[in-house]
Amino acid sequence: MEQRLILLNHILNLTKEIEVQSRQQMVDIGTLVDKRQVYIDRLKKCNAMIDAVCCEFPPEQCERMKKIVAGKLPQTECTEEEKKLCELAQKENEVLQKILALDREARSRLEAECNRIQARLRELQEPLPKSNRRIY
């Protein structure tokens, strides 16, 4: 789970960079998105490994582990080791919420800019009225 938090922090940092780039006049986020995807893929592998471990236990224990990993098991029901895992999961959730908020902001800006450019292109593609045409 510590590895997941590390990966999420890498994703957060790259998302911050993407968000900053989305405010610039000239936007170039291609490599940032690719780098971020590498960390997302690694995070998916971590999640798959955790799921595989959970599946090795009886259903009741598996459900408990899933709650711990999600940070949703009440602290009062946790052992000391489980409390540490729940705290890690809660930190992961906090980082994930920051990532999602930054990503929404960047996507919104980029989408608005894309729409603006598309509208401008459509304007440029419209034929001129006959009265504005010049004959040479």
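## A tucked-away glutamate

Glu82 is buried, with a relative accessible area of 15% (buried means under 20%, exposed over 50% and partly exposed in between, using a 1.4 Å probe and protein chains only). This is a predicted model, where local features need pLDDT of at least 70, side-chain atom pairs need 80 or more, and totals for chains, interfaces and linings use all residues. Residues are numbered from 1 along each chain as its sequence is written, and side-chain values use heavy atoms, with hydrogens and water left out.

Glu82 sits in helix H4, residues 80-125 (helices are DSSP runs of H or I with at least four residues, strands are E runs of at least two, and both are numbered from the N terminus). Setting aside neighbours within four places in sequence, Glu82 touches Arg64, Ile68, Leu73 and Glu77; contact here means heavy atoms within 4.5 Å.

## The whole chain

So what is the chain built from? Four helices and zero strands. The radius of gyration, taken over C-alpha atoms, is 24 Å, well over the 14 Å that the globule rule gives for 136 residues, so the chain is more spread out than a compact globule. That rule is 2.2 Å times the number of residues to the power 0.38.

The C-alpha atoms fill a box of roughly 85 × 25 × 25 Å along the principal axes. Buried residues make up 25% of the 136 residues.
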